[in-house]
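Dear colleague,

Please find the structure below, handed over for your use.

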Amino acid sequence: MSIAASPEHATAVAARPARRLLSEERIANGLLLVLCLALVVGIVLPLWALLSKAFLNAAGQFVGLANFGAYFSNPILMDSLFNSVWVAVLSTAIVIPLAFTYAYALTRTCMPAKPFFYALALLPLFAPSLMSALSLVYIFGNQGFAKGLLFGHSIYGPIGIVISQVTYTFPHAMLILVTALSISDGRLYEVADALGTPKRRIFFTVTLPGARYGLISAAFVVFTLVITDFGIPKVIGGQFNVLATDVYRAVVGQQNFEMGAVVGMILLVPAILAFVVDRATNRRQVALLSARAVPYQPKPSSRRDLGFTAYCLFVGLLLAVALGIAIWASFIKYWPYNLSLTLNNYNFQRYEPMGWAPYFTSLQMAALTAIIGTAIIFTGAYLIEKTQASPVMRAFAHFLAMMPVAVPGLVLGLGYIFFFNAPWNPLNFLYATLAILVINTVTHFYTVSHITCLTALKQIDREFEAVSASLKVPFWRTFRRVTVPICMPAILDVAVYMFVNALTTVSAVIFLYGAGTKLASISIVHMDEAGFIAGAAAMATLLVGTAIGVKALHIVLDRFVFGRLQAWRQR
Amino acid sequence: MNIPSKDPSVRSSSLRVRGLFKRFGAFTALHGIDLDVASGEFVCFLGPSGCGKTTLLRAIAGLDRQDQGSIEIGGVDVSNAPPSERDFGIVFQSYALFPNLTVADNIAYGLVNRRTPRAEIETRVSSLLALVGLPDQGKKFPIQLSGGQQQRVALARALATSPGLLLLDEPLSALDARVRLHLREQICDLQRRLGVTTIMVTHDQEEALTMADRIVVMNHGVIEQIGTPNEIYRRPATAFVADFVGKMNFFHGTLFEKGKVSFAGINVACDDCRGFLPGSPVSVGLRPEEVRVRNVSPDDVNALHAEVEELEFMGAFCRAKLGIAGVKTPLFADFSANLMRDLAVERGQKIWVALPPEALRVFPNGEAHAQEVAA
């Protein structure tokens with residue numbers, strides 16, 4: 001055909017770009033470029049700074065693996081590595097069966113009050129990880145009322161760490177296992193039943209294999225959480241050294257950044273491994289369920305249901321106690337000698353010069369993180385999922401968005417010091433400001449929020465953008481008028497998730513705060529360090545109260561206010 | 001209302017596609033598509049899933065850019081233009097109505113952006129609602145309507161901006177059979193009244209035959225045939241078309257002289273030779289309803305003695321499986337209810353049937369078609 005060579009065709013092509021300098025595609029590409037740059041600054045460059053630091057000496061010269069050599073030949077540091085690993089293995093070995101049984105009760109029995117038990121198990125998510133450690137100090141510590149139960153062993157050390165870690169990681173494991181167990185094909189059970197299979201054999205041949213990917217994934221997640229957690233060993237570790245406290249001591253105590261970077265890299269290994277395993281198992285887990293599967297519906301069985309109710313009550317109670325003792329103790333005059341109630345412990349001026357300021361800084365930081373983070377993450381997910389922007393850039397942005405989950409907070413914080421504190425970095429004015437805390441926290445919790453947004457967006461008809469384009473309506477208008485209103489529930493979920501995590505996180509921000517930007521969670525660590533456990537417990541209680549309050553507000557708003565605005569969802 | 005007229009004087013090529021190629025990795029979805037659609041025409045893209053019909057539609061819309069080739073809509077080259085710069089309205093199988101907007105807001109969606117005065121939008125929306133037979137439903141949300149009603153709203157939304165080209169991507173596939181029939185008529189009626197050039201993608205041959213002015217039959221990324229429904233059905237260009245649109249018996253044989261083919265030792269007269277040289281291997285095709293049964297005598301042209309092996313009751317007619325001595329492939333014939341009653345056909349009965357020479361079609365041998373059975 002000669003059409004392509006005709007002169008009128010040539011002019012039509014030449015005329016078009018001039019007509020619309022700012023086409024939708026360009027705007028989408030531009031926004032995506034900004035997102036990619038932001039993620040590069042937020043995650044790639046700090047990680048790169050950390051990696052390079054591990055291969056340099058204090059004077060900034062390249063020393064190859066010398067830092068690693070020094071690390072692995074230091075018996076004290078090697079002890080920490082060994083300690084970290086066995087504590088993490090033990091915690092994982094305890095928490096997985098506990099959480100599996102709990103998740104099984106929630107998904108496969110007719111136990112009463114399931115929403116209550118579900119909420120109960122999630123409680124630790126609303127507290128800083130070290131809160132259960134504070135409770136343990138009150139129960140089994142030097143002045144603990146149940147100290148005798150340890151038969152002379154000290155709670156300050158592996159025992160305390162493991163108990164606290166089990167409490168802290170329980171909800172994470174349970175959530176993964178509930179998901180794994182709810183993905184089930186009820187027909188398989190009917191077939192097994194019809195073939196006269198005993199219950200035990202059904203469990204081992206149908207239930208367990210069906211949940212195996214969830215189990216693997218949960219085990220890796222728990223292991224990583226434990227090995228990279230900083231708050232718990234800091235509060236209750238005593239003389240028992242682990243990797244996370246080593247990093248803190250090396251960087252904050254000794255200003256030995258190179259050694260901090262080496263340990264940081266070691267911490268990165270299990271996290272990346274967990275990430276890879278989780279991705280791989282996730283794909284297979286979904287593949288297990290065919291499109292024609294019918295969800296399993298448990299049938300009532302009074303003996304079994306009663307047993308599981310008792311079990312969940314027991315475990316839930318332990319979790320509640322692990323948080324509750326610290327809350328209760330924060331109102332006590334002089335533990336354990338004078339148990340009368342007081343609000344004196346909330347007069348933080350007594351324990352730390354900043355008084356209540358860290359709490360308000362935390363609120364401010366959490367609010368900013370929730371608002372800015374949610375806006376960026378949702379818009380980013382939209383650009384990646386729904387626009388016609390460059391496929392290469394969309395894939396790259398998605399890859400960057402998936403990175404933070406593989407980076408433990410402590411490692412991210414270290415990377416931020418190395419990158420943002422570097423004298424050559426034009427961004428170093430950010431160091432120690434509220435801005436860097438917000439940037440760091442948004443990055444830290446980016447991936448989970450990103451996935452939530454993507455899932456919500458994927459559920460929307462993929463032709464909305466095509467219809468808008470055919471009606472000559474630019475995508476940002478459809479984004480504002482249609483996409484955002486439809487995704488409002490997911491957006492609120494993400495905002496609350498961001499807020500709660502920003503409030504309770506310790507690990508990343510401990511390296512980044514400045515004199516005027518000390519956060520409540522850091523103040524807890526400091527008060528505990530200075531021996532003011534009551535003050536630490538009081539501040540932790542404030543954070544839990546705020547986090548749960550925000551979540552409750554979210555639920556109430558969701559049910560009563562937004563429900564009315566979303567009339568279009570009901571027939 | 002600003003609706004395109006169907007005045008024949010302005011009838012010109014509304015869509016012009018030349019040399020379109022599209023590959024997804026190793027898979028070629030479109031392989032050199034050339035197509036012209038006249039203004040005001042209703043064209044159906046028909047083919048099995050994966051034949052490239054939806055890809056072609058999306059390329060025309062600019063939703064999936066082609067790798068090669070050119071597209072003109074209304075005389076404007078839009079080969080590289082984004083969808084927003086092409087003049088079309090589109091309706092999807094999934095309706096794609098915005099769930100959080102009312103029916104009226106959905107229809108007005110494209111109008112609001114054009115800074116049309118509010119009063120004008122309101123009159124336009126209510127006239128469109130009346131047009132698709134949903135007056136007074138403007139305040140409802142999409143979820144409160146039935147599937148067929150939602151699809152009509154989607155149609156009104158696509159027509160609201162008076163596009164020069166209306167694209168329908170399997171608009172009826174998600175609906176119940178009864179609603180589908182009703183909406184089929186409504187779309188045809190609407191299209192005729194507005195005279196808007198329309199392209200509909202479908203895999204349903206009945207839909208294509210009843211609705212289209214012209215049908216484009218596609219397979220494996222190429223156009224097999226373009227023609228009116230009558231042409232497509234009566235004179236299928238390829239064995240694929242013959243087999244995909246309607247049902248056809250196929251026998252493998254040889255064209256042994258002009259107007260004569262033989263298969264399995266039987267010689268039959270055949271009007272359709274299509275320039276095959278004597279001696280060429282061919283497939284001979286015949287539609288089941290063309291098999292003659294009434295008043296056949298053994299001396300008639302192409303008369304064969306056959307045994308009724310199976311009778312399948314299909315409601316309005318019976319499909320008979322006929323065995324012919326010496327031919328392995330059975331011959332399927334459709335007997336009307338009326339004929340069944342008159343001749344009292346039963347299983348096992350021997351009857352004389354004739355294959356009308358004018359109804360026999362020959363195709364090159366070995367051409368791919370779904371129900372090919374070696375004779």
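Predicted model: local features only at pLDDT ≥ 70, side-chain atom pairs only at ≥ 80, totals over all residues.

Which residue stands opposite Ala306(B) in strand 18 of chain B? The residue is Ile351(B). Residues are numbered from 1 along each chain as its sequence is written, and chains are lettered from A and ligands numbered from 1 in the order in which they are written.

Strands around strand 15 of chain B

Helices (H or I, at least four residues) and strands (E, at least two) are DSSP runs, numbered from the N terminus. Two strands pair if DSSP finds at least two bridges between them. Strand 15 (residues 303–313) and strand 18 (residues 350–354) of chain B run antiparallel and are joined by 5 bridges. Strand 15 of chain B also pairs with strand 16 (residues 317–324) of chain B, in the antiparallel sense over 7 bridges. Here Val308(B) stands opposite Leu322(B). These two strands form a hairpin with 3 residues between them, and Gly315(B) in the turn has a positive phi of about 100°.

The open sheet of chain B

An open sheet of 6 strands, with mixed pairing, has the order 6-7-8-3-9-10 in chain B. Its edge strands, strand 6 (89–92) and strand 10 (222–227), each pair on one side only. From one strand to the next, the twist averages 15°; axes are lines fitted to C-alpha atoms, for helices over the stretch in contact, and angles run from 0 to 180 degrees between N-to-C directions. Strand 6 of chain B pairs with strand 7 (residues 165–169) of chain B in the parallel sense over 4 bridges, with Ile90(B) opposite Leu167(B).

Domains of chain B

Chain B is divided into domain 1 (8–239) and domain 2 (247–364), with bounds from an automatic or database domain assignment. Taken over C-alpha atoms, the centres of the two domains are 39 Å apart.

Where chain A touches chain B

In all, 26 residues of chain A are in contact with 29 residues of chain B, contact meaning that the C-beta atoms, placed from the backbone, lie within 7 Å. The elements of chain A that give two or more residues to this side are helix 1 (7–19), helix 2 (24–54), helix 19 (464–470) and helix 20 (475–486). Helix 19 of chain A provides the largest share, 5 residues.

Yours sincerely

Technical notes: Contact = placed C-beta atoms within 7 Å.
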